[in-house]
Amino acid sequence: MVNNIEVSSRRPRLNPFAFPSDTDLRFLLLIITVLGTSLFIYNWICLQTHIQELLASVSCVLRHQQESKQAFSALDVKALQTADNAGRQCMIPYDRIQTAYMIGGVVLVGAVAVVIYWLFPLWNLWRGKLVPLNAEDAPELTVYLAELCREAQLARLPSFVCNPFNQAITGLAFGRIGRYYVALSGGLVTLFFTDRVSFRAIVLHELAHLRNADVNKTYFALASWWAFVIVALVPFVVISAIGFVAAISARRFGEDLYLLLDEAWRVLVMSALVFLVLAATLRAREFYADVRAAIWENSAEPLLRVLARLETPKKRWQRVTHVHPDPRERGRTLNETDRLFRMDLWEALGFGIAIGIAVPNVLSLMSSFLDLLTQIVFSNLIDWQMFGAALILAPLIAVAAGLSTWRTTFAALVRGQVPFGIGRAGLCIGVGLILGTFLSLSFDSSSLGNSLFQFILSLPWSLVVLVSLFLFLRWIATGTSAWLDVMISSRSPRLFYTVGLVMVSGVLVVALAQLFLFRQVATTIGGILETPSDLLIGFAGVAILSIGFLIFNTLLSPGMLVAFVCLWAFPLAAWFWRKQVTTPVEPSWAFLDPSSQSIILPRQDPFRLRFALIVGLVGGLVFCGLVLLIRIGVRLSVPEVIRGTDQSKLLFFYSSIVLAALLQAGIAVITVGWVRRLGSLHGLFAAFIGGCVMTVGLLGINLLFGGGIDLHFTWITFSFVINGGVLLALPITLIVSLIVHQTRESRRAGVAL
Amino acid sequence: MVTSMQNSLVAERAYAVVAQIAPEELPLFPAISTAYFKDPRQALKYDAEGQDEMLGFGMAEAVSLLTPTVLVVMNEVIILLTTGVAKSLEDEGANFFSELAKKLMKKFRPQKKKEQHNLPPLQSLTSEQLVQVRQQAYEKARQLKLPDDKAHLLADAIAGSLVQAGS
């Protein structure tokens, strides 16, 4: 089989090793999928084996719910708290078991994976009948291999082993931390004498796996798959089979059988997903090893010759199940490394599904775990649950989606193109998240009730997820484009994307906790509804509660404040390094090939931070003037008896907050209309500056009119003004920014015509 | 002892044949011959096709290693010589095998490598007997599914190696 692979490279190739590779990202995805699915399976095993304990806990909770309802009706707060706490105590025995099962299951999968990973080299040596390559038997060959290792600059030399009987022409790098091997088949050894160029290309490719440090990931990925099969999938099948037989023999064909089949198809789909992600991880590493080997060779030619003699997948579906990529694709990637910077939409979808599978299980685990911590007040439980789950999952999304976005944006901008498909990748992650959540929703504790109602009621949540992730990835791309000039002028992009990802993670923790809360509201209300006519009420309930939670949680949340500041601070902070980028540069890290000319980045309008600052200050001062006038007007027109009451003071305070929010939105709109580059972020910055001035003004005027001031009041005023302002300014800014962009585009199109 | 001597003889002659018809396999020879003498059947199991590693990188096609076949055929030939040919030589009053074996054993000892090239000529193997050995080698090679041209090449090399050993 000879493939027709083009051997050409017209422009300098981008360096795929400048950013973390797809191998890393897919490996992370695999681990998430394995852990999410294992959590699901162990949650189910716990349910199957401890159903009596669960029923006892639930009946106890129901008893106390009656007391809760009575206390609520009687507006007896103390009795309500007592009843809620008693209900919480009821769940503790089952929560303990569930937590132990879920954490124990995940730990078990991890431990078995570590053991398998550790034993893999021994297995490979035994199965491949590999014997050490003896220097006495093949002196010329061993000297040559040592020379190749020196060329590869390996920190630790591998042991070369050989299966002399294996007639295939194949090499394999394997091993574990601190002990690596390169296996040569008998066929490959003969190639040393008959086709030295191909031999060299194959061995360099294997050494490239060692240099790229993907051997550990590869074998840990394989070990994770086998650990998942052995300690999660097999117990699931066994327990399901026992349950199936028991249901059949007891002639219980209804609920029990339905539940078993319902779980079985979900686990089947999840397992298939784990396998596909594993195959994708193993495929990804090959591209990078090819590129590395070609760098050492100073030419892609020898490797392309070998690739041309590889077998291509015969059927389309084999492309996703094979552990080796299509050789034609490998050849194209060798010539055009930009392909390793593109965002794959299927990968984004898979990532979304993996996270989606994990979401209900992590939430369930957090719920059980937090129930055991009696120090946490009952009313705060849900916030902690959402925050805890977001804290676990957000960094994973941020790292995987964020890094892909950084790479894609970087590659597009360096090539003078507009980053393409970033928003769509966000949508794909969103769709995956919704699908994954649906996949692992079957026995989520909050999903007791009509699942159709829950699905319908979670549609608004799904829409919010899609929009949020679309905007989130676009925001990361914006940040990358803002930092591009500075990054290009530096010796490595690592510091930039690391700091960027930390910020992105922080923002996402806050956003995700809120999204989880919305979902919880939808599923909880969906569980209460009984008839289709209740749906309308349910929708209204979901909308009102979600908006209420959003406003309530946002206004006083320090996390929200930090997240809002990060939104504009992360991209606009590049302004401080603007002097570093005045001269065109040629960064050694960006390209594989020596480029004859410096990178000419697409011309971008400058930041207008000074302008935004002035607009913010002016807006803030206008607010202070208005408040002062209102305060004087109120003092002159409203009698002391009325304006001295708590209600009047509160009314004045909240009116000031609303006015501040409106003015901040106005400030943002003016800035967006004026600033060409990153207008919406400049708008948010201006709104923030305006908000700070407004806070100072409010506190100062309050003091001026005889009011008091303390730290608590200062914080409340500051967070209300800033968070309230951003809450209003953010959607308005986005809409105005879109309109302004469209107007400019159509005007430009008119001029061009 | 006889088996060990016979194995040494087979290995020695097979090495010479491999060096002649497939020199690229020489680095593999010690490992293959050791495994072959340990368990001839197991060693031949690999003969049919290459064992492709799931994660390995290489070419789609496999080479066909001659060394295992050479060992098998040479073993067959040596057995033939020790039984059939030796018997036919009894009438002429010469113990062909013991003479040949003694000479080859000397060659196999690394300290006495110089002697290898100065062995006295073997006069006992007639041209008819060589033809018989060659034919036997050819048939065995074909039986092991070696292509016709390679089987001829191997048979010629084996016959030639015996002449060399005797000359």
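In the hairpin formed by E3(A) and E4(A), A:Gly178 adopts a positive phi near 85 degrees. Two residues lie between the strands of this hairpin. The model is a predicted one.

Strand E3 of chain A covers residues 168-176. Eight of its nine residues are buried, so the strand is largely enclosed by the rest of the structure. A residue counts as buried here when 20 or more other C-beta atoms lie within 10 Å of its own.

E3(A) has a partner in its own chain. Strand E4 of chain A, residues 179-185, pairs with E3(A) in the antiparallel sense. Six bridges join E3(A) and E4(A). Within this pairing, A:Gly171 stands opposite A:Leu184 of E4(A).

E3(A) also pairs across the chain boundary. Its partner there is strand E1 of chain B, residues 57-62. The sense is again antiparallel, and the pairing runs over four bridges. Two facing pairs can be named. A:Ile169 is opposite B:Met59 in E1(B). A:Thr170 is opposite B:Gly58, also in E1(B).

The contact between the chains draws 33 residues from chain A and 29 residues from chain B. On the side of chain B that touches chain A, helix H2 (29-38) and E1 each supply at least two residues. E1(B) provides the largest share of that side, with six residues. By class, the side of chain B that touches chain A comprises 18 nonpolar, five polar and six charged residues.

A second contact lies within chain A. This chain is divided into domain 1, residues 343-578, and domain 2, residues 611-752. The centres of the two domains, taken over C-alpha atoms, are separated by 28 Å. Domain 1 of chain A contributes 15 residues to the contact, and domain 2 of chain A contributes twelve.

On the domain 1 side, three helices of chain A give two or more residues each: H16 (459-488), H18 (534-555) and H19 (558-572). H19(A) gives the most to this side, with eight residues. The side of domain 1 that touches domain 2 has twelve nonpolar and three polar residues. Charged residues are absent from that side.

How values were computed:
Residues are numbered from 1 along each chain as its sequence is written. Chains are lettered from A and ligands numbered from 1 in the order in which they are written. This is a predicted model: local features need pLDDT of at least 70, side-chain atom pairs count only at pLDDT 80 or more; totals for chains, interfaces and linings use all residues. A residue is buried if 20 or more other C-beta atoms lie within 10 Å of its own, exposed if 12 or fewer, and partly exposed in between; C-beta atoms are placed from the backbone. Two strands pair if DSSP finds at least two bridges between them. Two residues are in contact if their C-beta atoms, placed from the backbone, lie within 7 Å. Ala, Val, Leu, Ile, Met, Phe, Trp, Tyr, Cys and Pro count as nonpolar, Asp, Glu, Lys and Arg as charged, and the others, Gly among them, as polar. Domain bounds come from an automatic or database domain assignment.
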